[in-house]
Amino acid sequence: MISDEKGEKNEPDNFTLAIVLKACAGLQLLKQGKTLHGFLWKNEKTRLDLFVGAALIEFYSKCGEMGDAFKVFKEFEKPDVVLWTSMVSGYEQSGCFEKALAFFSRMVVEEGVHPDRVTLVSLVSACAKLMNLKLGRSVHGFVIRRGFENELSLVNALLNLYAKTGFVKVAENLFRRIEGKDVVSWSSMIACYCHNGAAVEALHLFKEMINKGCQPNAVTVVSALQACAVACDLDEGRRIHELAKKRGFDLEVSVSTALIDMYMKCLSHDEAFNVFRKMPGKDVVSWVALLSGYAQNGMAYKSIGIFRDMLSSGIQPDAVSMVKILASSSELGILRQAVCLHGYVTRRGFDNNDFIGASLIELYSKCGSLDSAIKVFKGIKGKDVVLWSAMIAGYGIHGQGGESLKLFEQMAKSSAARPNNVTFLSVLSACSHAGLLLEGIEIFHIMVNDYGLSPGSEHYGIVVDLLGRTGELDKAMDIINRMTIPVEPHVWGALLSASRIHHNVEMGELAANNLLCLDPNHAGYYTLLSNMYAVDGKWGNAAQIRTLIKEKGLKKMFAQSMVEIRNEVHSFVADDKLHPECEKIYELLGQLGVIMRLQLENIYGI
């Protein structure tokens, strides 16, 4: 076009140039875009056209070259709102959220340029990514004063801000005031409920959306499936799966991955694998969803096989995926496997990643090699709170509560890392495992009074357990009554267990009643209550509970034992009859039993 076969020049106009730049941006054609920029440089009139300038900034922004975008911006003596907005949006989309805020401040405060609705959408998005609610609410006030409160794209961005920062009620009120809700509005509110612990509300809203005729997109379906996973609602998950098939979403990677996660969390691993098998293009996230799911379902021995298949297919894990792989492997407790994975981590250059370091510490600790865990911990410079917490937990796993307390004191006195809720959970767990009851209660007081941290349900559960084991059941009950968060089943479970130990039937019944309201299908709680009645001689009550267990068809989850033989992991439960070689195993056990009896006769004359 610029020079035809006759040698005649046919100059493109500014509109054409802007369209070509947008095409280069969309296709990430950096080299071709720079060539076009070089052509523009020769013509000052074209180069300084605001429309072309905005297209150039957008091109460099989308290619991740914000330095070049800024150079273009500086060429304009009086940039208009479009150029300013292009820079703010560019920084926000490139992950430079602080720079986006700083550029907006310069635009409004120093240069007096009034932002438009597009600028404000980018600004609100930056606030959401930074979790800066204070600034976000100020922007919301500015939006209302400027009369933009009915601009749907801007309201949707505000919805996302309140969802990310956990202000569910504010988001809910804003959502209900939107007159012409689009699919983004519905999706944002469903995601808000889901990510803030209101899975049931998320599913109700999803149904309302369908009933009102608004068709969901893939993003909506993913959020709804995540809500099913949190609520363990398998039936609703299957219905949404059918909807996804009808809408053609089920083969999209994001939806398939959400389906795998949902089925795994609803304990339906066969359905999860069927979804995975049918996926046309599997990425690292989908592989890791399957791998983690097996570990969550007590089938960690399958996870390593999945990891091998993943590597064979040419998919390489990133740091986030590697953390999940190490966590899955830690459930197996096979040291040789831990050493192999550590070697892989080193070859992939993940050594200096704090989260991977913490996962390695946990892996070695659970594999019984505390020395290896300590070596990893000491080998990492500039330790953050994640590493300290992992090592404190590692000592706790090995029953070395005293060492956990020493390390915690060292962290508090000499480290720049400040203990957080996870750190205190690690220390409390260590005290619980080592029987350091009074020390654990003291640590809880330090957490609340000295560090001003708000305990979570897990912290309360351990403290109730510690108080219960010392016989302080009334104090444990007082702690529960003063909890500012909902009391979860494991807290009542700790009280029920302590009540059984100390033969306090009245307190045990109170704990059991609350437990069975929260988790009516947990066989272990019924068994605890039945055992408590039996110890107290209340055989009628114990029999009633046993009958109730049978009527409800409840079964206790069996613990598994695993052994690795010739690179193959074998899994067993008590009285296992399903292993393909179970006859040979029981035959050998019988022979060992005979040998043991003969040895006892020879030694003791029994």
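Begin by selecting helices H6 and H7, whose crossing is left-handed, meaning that the near helix is turned anticlockwise from the far one by less than a right angle. This is a predicted model, in which local features need pLDDT of at least 70 and side-chain atom pairs count only at pLDDT 80 or more, while totals for chains, interfaces and linings use all residues. Residues are numbered from 1 along each chain as its sequence is written, and side-chain values use heavy atoms, with hydrogens and water left out.

Helix H6 covers residues 81-93 and helix H7 residues 97-110, and they pack at an angle of about 160 degrees with their axes 7 Å apart. H6 and H7 are therefore roughly antiparallel to each other (angles over 145 degrees count as such). Show next the side chains that make the contact (heavy atoms within 4.5 Å), among them Trp84 and Tyr91 of H6 and Phe103 and Phe104 of H7. The residues of this contact divide into 10 nonpolar, no polar and 3 charged.

Stay on helix H6 and select Ser86, which lies in it. Because its relative accessibility is 15%, Ser86 counts as buried (under 20% relative accessible area, with a 1.4 Å probe and protein chains only). Leaving aside neighbours within four places in sequence, Ser86 is in contact with Ala54, Ile57 and Ser61.

Finally, colour the chain by pLDDT, the predictor's confidence in each residue, from 0 to 100. The chain's mean is 86, and 92% of its residues reach 70 or more. Select residues 1-7, over which pLDDT stays under 50. Where pLDDT is low, the predicted coordinates should not be read in detail.

Technical notes
Axes fitted to C-alpha atoms, helices over the stretch in contact; angles between N-to-C directions. Helix = DSSP H or I, 4+ residues; strand = E, 2+ residues; numbered from the N terminus. Parallel < 35°, antiparallel > 145°, perpendicular 65-115°, else oblique. Nonpolar A, V, L, I, M, F, W, Y, C, P; charged D, E, K, R; others polar. Buried < 20%, exposed > 50% of the residue type's maximum accessible area, 1.4 Å probe, protein only.
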